[in-house]
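Student: I have a structure to look at and would like to learn how to read it piece by piece. Could you guide me through it?

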Amino acid sequence: MPGFEVFGEEEKKEIMDVLDTGVLFRYEFGEQRKGVFKVREFEKKFASYCGAKCGQAVTSGTAALKVAMAALGVGPGDEVITQGFTFVATWEAIFDAGAVPVFTEVDETLNMDPADLEKKITDRTKVIIPVHMLGAPARIEEIIAIGDKHNIPVLEDTAQAAGCTLNGKYLGTFGRCGTFSFDPVKTMTTGEGGMIITDDEKLWRRMSEYHDHGHDHVVNPGARGGEGRNFIGFNYRMMELQGAIGLAQLAKLDEMILSQKKHKTALKEAAAKIPGVTFRTILDEKGDSATFFGFFLPDGEKAGAVNEILRQNNCGAIAFGENTWHFYPKWEHLAAGSTLSRSGWPFKDQNGKRRVIYDPAVLPQSAAIMDRLLVFQVPINLSGERLAEMVGALEKAANELN
Ligand SMILES: Cc1ncc(COP(=O)(O)O)c(C=O)c1O
């Protein structure tokens, strides 16, 4: 990652198809568009690549979460369960839907711990959002079984795991729907952009209409319909240029993942020499998108010592325990309930009383895991020189700690 590493003639050609028509809008413009519908084609091809019936393109991965939750009927009074290790977007979207996020522990998959999920379900739980963080699966089959038992739909936040499979099935197709991000740092990118996939055509229809100001899409499915309106919507429409880039990037996705896998294997072999090292639990190595490489040291002190050596050798790893965008105790604006709204909503009720409290100390299992974790982002293009530098840095850490 990221997909812009392999931008080339294919992306340029797709973009020129759009510019040649002058139509940047995904709907309408009749004959002027000469049959070019890049966003529609991208939706069809992305859904079919994943093995899903329907695809709904939107402006971002955050918008995808928002649109999916709107279609699932999430609103004020609801709780939505997600995990305490994710990008802030997951819970921003929950708040934006008017609901309250509830956070679970993660386990060594770095994703939702199903045992903790069971404990967090209440009669207000409307949706469960496991996140397939850092390119590899959550225990999605167990999570879906829990959701089914309580009759709660599962929405997979697959923003970081396009192209990743578990036992031969694409992530994003296990739950009622799956959301994706194509932002600038994702394995396949459209600059900004997102997608929702689902097998549920009724759910898709609601997403399609909601994301397009509530335009009725019934008469002409996949395009715009008549002038009826079923409900109030919003604008999360993807534009044709993004759809065009998406098509070119999707065609390269398998190759990009293969290349990441090769680089990850080389890094893993070098890291294996570090005393006490263990690896992130990857439930299905064959289906791994290898976007990131995560490994554990026996404790936080050793992880810090290893990272110091890596940093000194120009190869510092990401310590997600210290990262302020991805880990629950570091979200000071969440803990403080900082909001722009004058009333303090959603953190305070209409009487100014605090509705929700986020204590940074309530996820001790995740904190212990994050403390020991080091992560490398795996590039698609990795020069022999840079790979040698990274392998050399890991070997130095192995020698110094031996
Ligand atoms: C897990 C997760 N969910 C949602 C998003 C939001 O995607 P976007 O940046 O396209 O809004 C991201 C982006 O990094 C993400 O990592």
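Predicted model: local features only at pLDDT ≥ 70, side-chain atom pairs only at ≥ 80, totals over all residues.

Student: Which residues of helix α4 are buried?

Tutor: In general, an α-helix has 3.6 residues a turn, so residues three or four places apart point the same way. In helix α4, which spans residues 89-96, the buried ones are A89, T90, W91, A93 and I94.

Student: What covers the buried residues of α4?

Tutor: The cover includes one helix, α3 (61-71), together with the strands β2 (79-83), β3 (100-104), β4 (125-129) and β5 (155-157). After α4 comes G98, which has a positive phi, near 95°.

Student: Which residues are the closest to the ligand?

Tutor: The ligand is surrounded by 14 residues, and the closest of them are S60, G61, T62, A159 and S181. Sorted by class, the shell around the ligand holds 4 nonpolar, 8 polar and 2 charged residues.

Student: How is the protein chain divided into domains?

Tutor: The domain assignment gives domain 1 as 3-251, and domain 2 as two segments, 254-325 and 364-401. Their centres, taken over C-alpha atoms, are separated by 29 Å. Domain 1 brings 27 residues to the contact and domain 2 brings 25, and on the side of domain 1 that touches domain 2 there are 13 nonpolar, 9 polar and 5 charged residues.

Technical notes:
Residues numbered from 1 in each chain as written. Buried ≥ 20, exposed ≤ 12 C-beta atoms within 10 Å, placed from the backbone. Helix = DSSP H or I, 4+ residues; strand = E, 2+ residues; numbered from the N terminus. Contact = placed C-beta atoms within 7 Å. Domains from an automatic or database assignment. Nonpolar A, V, L, I, M, F, W, Y, C, P; charged D, E, K, R; others polar. Near = placed C-beta within 6 Å.
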